[in-house]
Structure formats: structure tokens, C-alpha cells
Amino acid sequence: MFNRAEYVSDNEWNRFLEVSKGFQTPNIFINLRNIKQHFIQLKDSFPYAHVYYAVKANPGVPVIKMLDELGSNFDIASRYELDDVLSLGISPDRISFGNTIKKASDVKYFYEKGVRMFATDSKEDLKNIAKEAPGSRVFVRILVENSSTADWPLSRKFGCHPDMAYDLLVWARDNGLTPYGISFHVGSQQRDIGQWNDAIAKTKYLFESLEEEEGIKLSMINMGGGFPAHYIQPSNELQDYASEIARYLQDDFGDDIPMIVLEPGRSLVGDSGILTSEVVLISRKNNTALQRWVYLDTGKFNGLIETLDESIKYPVITTKDGGKEGEVILAGPTCDSADIMYENIKYKLPVDLKIGDKVYWLSTGAYTSSYASVGFNGFPPIKPYYITEDGVKDEDDNPVEPNA
Ligand SMILES: *Cc1c(COP(=O)(O)O)cnc(C)c1O
């Protein structure tokens, strides 16, 4: 159904086949070289931007270490992520606390560890920051519309109206904080580049009005993530995003462009992963049914949560590709009827697919292992492995041998 070479180069595929031999399924192999290429491409496309990797997309230690060496900063969402990143020797001045939903005790913890950059979108949270993290730089996340063109929208839950952002930044200044900037996230896997235009225009309005009316000069725009990984649904190339966004910035800010922060997650790590699952059962619901149900040894609760509402459409291939195909419903192994990945979207798999065959999910480097349940139905969380320049490592960066 899908042309593997469109998603994974021959080189990467052959390396994957070589190192993944003998590992129990389900598993995910992440190719670090692929992430490195995406990081370099991002820096080339946005040479003026400061990159804060959104750790939640793939928190594996090998990924963090490599991005650290490449000069990335880190956007952190919880004290647990913070501990992990700090334990690698990454300095707290390269970390921002990007989650607007946090306890006062979390703010205190981050402050004690040396973090001085906080996102907010509400008065209550801002009060906590003023109390527990005095003097820190705060940026306010504004609401942007994005639900229809982002495959994994992040609107509504985060951000506030620009008028409220204005008030929060004034309050921040009056209460011992440094009003630093504006952030937004146009929605993950955002296929409409124009969404950045609207968000940048709202930001410009805030920069201008705060300076004119309050004498507050903001320094930074945090443009979040939203850049695409390579799934079935076509999206523009990163270079197209970069050139359009540069133009929006130029139109609104002219020669006085503030510091620009990007927080990529999916676009950096998404294409690097290959998830391997095995066919547990193939059945039909009646004797003349045309569709086969193909049950795999992993599903929504174990790496494939972004198939919720069939939102993210991964390319799926098998070892039997090339011959006749028929429609399938793809489902996971748990005793929950929500554990169906694709039913409305008609995936086609080879008619001679058998129990025990491998089914590969491409572009599964982002939001897969980090989202797996701790063990619903007793299934252990899917294991990520990292293909590095010095062999295969686990998520804690320890070398691994193929399992028995
Ligand atoms: C999840 C998240 C990101 C990463 O978004 P992608 O679309 O995966 O690049 C960036 N910033 C914030 C605040 C996030 O919550």
C-alpha cells in the first residue's frame, strides 16, 4: 500500500533490519542519525531561531544527549522531565518551563533548580510564578484557532485571549517579574502555514500596544511547534514553512524582529521511528465479510495513541507487500473496544498476510513510546531502542543486546 522508500531511505531501512533482528515485538527503533539530519535542516531553515526541543515528543536519553551536543535548548513540561534533563548535565539556563498547567510546588521546584523562564496563560498560575519564582522571565501563551487544519490540535486547553495576555504581562511587571514575550502553538502537525500568519499578527499587536501604552518592551516570540513529520497526508516542506514564516515576521516586525524561539517536537523526531508489531489474529465477522480484522500485538494503549479519532495516519507496511491487497480494520490486542487504530480510513494489507507476520509502522518517532500506558491489561509498555553511532541503546542510554 505504501512505498517504504518514500518514508525510510534504503540505508536506514537496511540498518534497521540488521539491528532489530531477534528483538521481541512490539518495539520501536529510533534512528538518531535521522533526528540529527532534521535538527540540522531546522537550523538551516531558521538560522535566526533558538531551538527548544519539546522533550515530551521523545524523552529518550540518547535523543536528549545528541540534541544537547548539537546545541539545542529544552522545553520541559514536568518536574520529572526536568530531573531527567538536568541529570545529563544540561544547564538550567537552557531550559524553559513551557507547561501552563502546573502546581505552585512545581514552580518552586523549577526555580530552586535554576530555571528562570516560565510560560503562563492565567492569573492564578502567574501569581504562583511571582511568589515562587521572583524575577523570572515570563511569556504568555495566546489562543490561536487551529482545529481544522492541524492533525493533532492543541487549542482550547492552552492559551488565553490576547486582551488577557496584555493584562497578565502588565501584572507581571508590577509584581516583580520580567515580561518577556508571547508564545503560541498553532497545533501539532499543522498543515496550514497561514496559521502562523494570524498568530504572528496577534503577537505584533501585543508587542506594539504594550510598548505604547505601558512602556513594556517585550523581547521574544515563542512560535511553538506544529511543523510536520512525514505521514500519509501530504504537507509542505519545512523550507516552505520557513520562507513563509520569515515573510510574516518581516511584514509585521520589519527590521526589528525579536528573539525567535521554536519548540519542535514532532518535526524533529517523528520520521526517525519504526514501530514493529506482529499479527496476533486475523478474522472476519461473518462468512462473506469482505473486510478482515487484523489484530496486532500493540495498539492505542501501547504506542499508537495518536490514532485516536484516526488523527495521525501512519504509513504501514508488511513483509508481504507487493501482491494483491484487501481492506482491513487494524486493531490492538487489549480488551477495550476503543483499541482500534483504523476502521473508517481504509487501510489495505496483503491478502496473504498471516498470523505471526510483522507489520511495520513508519514515522513513529514522536508521541509513541512516551505515550504508552504503564501496562493496561498487563501488556508491558512498548520498548524504544535507539540506533546510535555506537550501537543500539535503550532509553537510558545503556547498550542493549538482542533479547532472548
Ligand atoms: C507539545 C508541545 C510542543 C511540540 O509540538 P510539536 O507539534 O510536536 O512540534 C511545543 N511547545 C509546547 C508548549 C508543547 O506543549
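1. I'll begin with the lining of the largest cavity, which is made up of Asp-297, Thr-298, Gly-299, Phe-301, Asn-302, Pro-333, Thr-334, Asp-339, Ser-373, Phe-376 and Phe-379. Please keep in mind that this is a predicted model.

2. Sorted by class, that lining comprises four nonpolar, five polar and two charged residues. The space inside the largest cavity comes to about 60 Å³. In total, the structure has four cavities of 30 Å³ or more.

3. Now to the ligand, which you will find in the largest pocket. There are 13 residues around the ligand, and the ones that come nearest are Lys-56, His-185, Ser-188, Glu-263 and Tyr-367.

4. The make-up of this shell may interest you as well: around the ligand there are three nonpolar, five polar and five charged residues.

5. Glu-263 places a polar side-chain atom 2.5 Å from a nitrogen atom of the ligand. His-185 also uses a polar side-chain atom, which lies 2.8 Å from an oxygen atom of the ligand.

6. How much of the ligand does the protein bury? The ligand taken alone exposes 390 Å², and the protein buries 92% of that area.

Terms used:
Residues are numbered from 1 along each chain as its sequence is written. This is a predicted model: local features need pLDDT of at least 70, side-chain atom pairs count only at pLDDT 80 or more; totals for chains, interfaces and linings use all residues. Side-chain values use heavy atoms; hydrogens and water are left out. A residue is near a molecule or strand if one of its heavy atoms lies within 4 Å of it. A polar contact is a pair of N or O atoms within 3.5 Å; within protein, one must be able to donate a hydrogen and the other to accept it, and residues adjacent in sequence count only if both atoms are side-chain atoms. Accessible areas come from the Shrake-Rupley method with a 1.4 Å probe; for residues, only the protein chains shown count as cover. On a 1 Å grid over the protein atoms alone, a cavity is a set of points where a 1.4 Å probe fits but cannot get out, and a pocket is an open set with protein on both sides within 12 Å along at least five of seven lines; lining residues have an atom within 4 Å of a point. A molecule sits in a cavity or pocket if more than half of its atoms lie within 2 Å of its grid points. Ala, Val, Leu, Ile, Met, Phe, Trp, Tyr, Cys and Pro count as nonpolar, Asp, Glu, Lys and Arg as charged, and the others, Gly among them, as polar. Grid points are joined across faces, edges and corners, and a volume is the space filled by probe spheres set on the points.
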